[in-house]
Amino acid sequence: MAEAIGTDPAVRDAVQRVTGTLEFVLDHRIDGMAFGKVVRSTVPHGRLIGVQTDEALREPGVITVITGADIQQDPGIHEYYGAQRADQPVLAIGKVRYAGEPIAIVIAESQHQAERAAELVYGEYEELAYVTSEVQARQPGAPVIHEEWPDNGCGQWRLEHGDIDSGMRRADRIYSATYHSPAASHVPMEPFVGVAHWQDGKLEIWTSSQSPYAVHTGMRAMFSLPADAVRVRTLNVGGGYGSKGQMRIEPMVACAARIAGCPVRIELARDEVFYTIGKHAATVDISTGVLRDGTIIARRISINYNAGAYAVTSPGGAGQGLSRAPGPYVVPNVRVDSVATYTNTVPTGPFRGAMTSQIAFAYESESDRIARDLGIDPLEFRRRNLLRKGDLYPTGEALKDLHYDDLLDDLADAIEWRTPPGSSGPDIKRGKGLAVIIKNTLTPSRSEAYLALRRDGQIEIRCSSVEMGQGAAITLVQIAADALGVSPDRLVIGFPDTDVTPFDTTTSSSRTTSSMSAALQSAAIDLLDQLARRAAARWGVDPQGIDHRDGVVVEGAKPGRRAPWASLLVPDEAELVGHGVFHSTFGLSQMDPMKVHGPVSVHWHQGGAAAEVEVDTETGVVRVLRLHANCYAGHAVSPLRVLKQNQGCAVWGLGPAMFEELQYHDGAVSNPNLSGYLIPSIMDVPEDLTGTAIESSDAFAELHGVGEMAAPAIAPAIANAIFAATGARVTDLPLSPERVLAALDAARESEQRGSA
Amino acid sequence: MNGSEELRTVQLTVDGTERTVAVRPGETLLETLRERFRRTSVRQTCGIGVCGSCTVLLDGKVISSCIKLTELANGHTITTAEGLGGPDGQLSPVQEAFVSRAAYQCSFCIPAMTVAVHAAMADPEVRTSTERVREYLAGNLCRCGSYPQILQAVDDLVKSQASQGLEADGDR
């Protein structure tokens, strides 16, 4: 059987993807369903005195209007939720903590009626002082967002390795700087949308989610229900990038359906998507102690992630950031402090390259600043300090399977590092830059899979991994086919449905190709073993002597006796099921957050990027001429899909690097749509947009997820190219013309001071 | 207003079929196509005519159906991505080019993108150059970043158009 891994089979629904008949929850309808429209807070922080609903209730078609008080009065609802801290109310209760927070849901017979009536609902507030900056929110006297957390703390972690003070004392030079990344928005093209239906005490909810079991767990907790009383179903997801990884609108949809007594559908308008979840703004203070020859000997990093108004995954996320903060370098003396801070802004969550892009922008910008100051080539500076196989990472674990030398070589080749950039005129400067990053996957986590052999000989993959365009479905088909030694044509795969498909932590953190493949491989072993034992019993031989060839059981020693797998099903048996589990049990969440030490992840991610830019020194406008993204892939399950992920990371990274910024004025988001919040268009994509998957020569190398490896490297690679071109060091993203001009002025001033 | 809005009758040709439909005043073409005609290829992302996910052809010209009132489309011909192919489900050359280059990821924006490419390839001023088609697509956003594959598909179409054009010139 030819191996499916390493090939590029066409996805099975390519035609539907192109013609527009691919199934999304957006298209799902239930008979008799009503429509919900959310009403949101207009103030960033205030006591909620009341919500006026009378006028809306008189509108035609309106079934009911639900407020936080209604949810509080229902003894069957826990009104607060949150995977790590149950601090978020379904609808505001007593207080609003950000502009855009849901305060009511109008439920009507049509979407139009719900929308019109929603305009008549308003909150009455006693406004409170608000804070949107993570730095200001930590200062004494800052407004308190949650009374239970008077310092606005939303997670705190510390990592110490070696002796930071003596390391800094031994350094020939110490470089210190502060970097800032703004809040951003994921902008999945498909909005958050869900349909909930209660029947005989059982909740069924269809939702556009990356994590059906996160919703399942959350719904069970919210309504105190046993596992079989909640059914979560997903279809294709129209873009997630981390935004759909936890419960988002599902609490509102489920509560609305419960209180209204009919199925309810809620689809958010685009501004509401911006108000639902975003990327952490972050302020990163970084100090690096180096020897004259460019060896890094000490690094102190302090990260402050802006969590927004509710915790979501920020308490743990701050720890994930901490574990990746030292960068892919050998640093013998390290201290990292990482906190997340409540503010009166939109709640935040993982954003493709989660918690990592903010710190990679800092440490990779510093790499080039230090290298230039010491007169060392930036590529050479990195080579001197790179993490290599067996090196001790500051978490105290020796890392294996490291490929940074290959990644750097590939970046240098792709960008022709040794060839000086061309020139386009006296005011137009060209430069090249590169960056490498380290990330890791969510640990602990669990994936389960079933492989069900049917009477027709087909094998059904049942798992809860979500197809959101990354190609999870066909990837898992390829992996299962190889594990069973059959053609991919024998395998079928459907959508997650918690009544049918077993537990999976989440489709995020680039974990599916690795974690779900491990579960599938163990399910395949289980199924093959059951088949071998059945054949052995039928033939009266030892199961050890049974072999499998292309979906047929064969008696190894005495060729002759053969049995197609399906023939081993007993009469009336619909299917024979193999079960497999992948479960990691260690990780950050098992550690003392102030003393992080030991293995933090099952799986380290390695990626990089290189850029060539042209900077107009008169206007500050930057053109990205070339962009290259790479990652270590172990074995690429599909070379084409890895390329698409690398290129996708590059396009994704271009936005926050160059122009994406969620702006706040008077405490409210002032650009909550694509007119004011720009994302990369086809005109922003450089002509030369390439990618490489670095693969292992070891046949037994792990499969790696590749969905976000290069993303955090894009902004620092571009910033470094601007620095190489002009000497201007921009420390605040995005790299807008205004910031580039300001940095150019600063560079000129310091040059004049230097020569004076 | 008290909800006693009168429905207005509108005649449209949608993907080759003549339709008469009663719509709400203020109803957008996007709503009519999705909710009344179940055209799932027409999708709303921004709702303000910026992102291109709701692109359809009105008498062959690209429009954003999210900001077009259905009443104002009265008497016109609408083509959605679902109407680009042949009557027996054959894919159009544009659709075939997208499939062959795997020019999609989550695919939410892709049907509308094919509509825009279709219009570009129907324009003799545009279809001769990948660069000009690319400019034509500036208003169709893809968050997954499938642009390189989309440009490959466009390039295939431009080249195939050029070779057909040469043949046509030879005939003259």
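Visitor: Hi! Where is P444(A) placed?
Guide: P444(A) sits in the loop between β18 (428-440) and β19 (445-454) of chain A. Helices here are DSSP runs of H or I with at least four residues, strands are runs of E with at least two, and both are numbered from the N terminus. This is a predicted model, in which local features need pLDDT of at least 70, side-chain atom pairs count only at pLDDT 80 or more, and totals for chains, interfaces and linings use all residues. Residues are numbered from 1 along each chain as its sequence is written, while chains are lettered from A and ligands numbered from 1 in the order in which they are written.

Visitor: What kind of peptide bond joins T443(A) and P444(A)?
Guide: A cis one, with omega about 0°. The bond from L733(A) to P734(A) is cis as well, and omega there is near -5°.

Visitor: And where do I look for P734(A)?
Guide: Go to the loop between α16 (711-726) and α17 (737-755) of chain A.

Visitor: Back to backbone angles: what is phi of S509(A)?
Guide: Phi of S509(A) is near 60°, which is positive although the residue is not glycine. S510(A) is another non-glycine residue with positive phi, near 50°. S509(A) lies in the loop between β21 (491-493) and α14 of chain A, and S510(A) is found in the loop between β21 and α14 of chain A too.

Visitor: Is S509(A) buried or exposed?
Guide: S509(A) is buried, with 27 other C-beta atoms within 10 Å. Buried means 20 or more other C-beta atoms within 10 Å of the residue's own, exposed means 12 or fewer, and partly exposed is in between, with C-beta atoms placed from the backbone. S510(A) counts as buried with 28 such neighbours inside 10 Å.

Visitor: Nice. At what angle do α13 and α14 of chain A pack?
Guide: Helix α13(A) (residues 472-484) and helix α14(A) (residues 512-539) pack at about 35°, and their axes are 9 Å apart. Axes are lines fitted to C-alpha atoms, for helices over the stretch in contact, and angles run from 0 to 180 degrees between N-to-C directions.

Visitor: Is the crossing of α13(A) and α14(A) right-handed or left-handed?
Guide: α13(A) passes α14(A) in a right-handed crossing. Left-handed means the near helix is turned anticlockwise from the far one by less than a right angle, right-handed means clockwise.

Visitor: Which residues make that contact?
Guide: From α13(A), the residues include L476(A), I479(A) and A480(A), and from α14(A) they include M516(A), L520(A) and A524(A). Two residues are in contact if their C-beta atoms, placed from the backbone, lie within 7 Å. By class, the contact of α13(A) with α14(A) has 10 nonpolar, 5 polar and no charged residues. Ala, Val, Leu, Ile, Met, Phe, Trp, Tyr, Cys and Pro count as nonpolar, Asp, Glu, Lys and Arg as charged, and the others, Gly among them, as polar.

Visitor: New topic: how many residues of chain A are in contact with chain B?
Guide: There are 42 residues of chain A in contact with 42 residues of chain B. On the chain A side, the elements that give two or more residues are α1 (14-19) and α15 (639-658). The largest share, 7 residues, comes from α15(A). The chain A side that touches chain B has 22 nonpolar, 14 polar and 6 charged residues.

Visitor: What's the secondary structure of chain B?
Guide: Chain B has 5 helices and 5 strands, and along the sequence they follow the pattern β-β-α-β-β-β-α-α-α-α. Its radius of gyration is 17 Å, close to the 16 Å that the globule rule gives for 172 residues, so chain B is as compact as a globular protein of that length. The radius is taken over C-alpha atoms, and the rule is 2.2 Å times the number of residues to the power 0.38. Buried residues make up 52% of the 172 residues in chain B.

Visitor: Which domains does the assignment give for chain B?
Guide: The assignment gives domain 1 (1-83) and domain 2 (84-172) of chain B, with bounds that come from an automatic or database domain assignment. The C-alpha centres of these two domains of chain B lie 23 Å apart. The contact between them takes 15 residues from domain 1 of chain B and 13 residues from domain 2 of chain B. On the domain 1 side, β3 (55-58) and β4 (61-64) of chain B each supply at least two residues.
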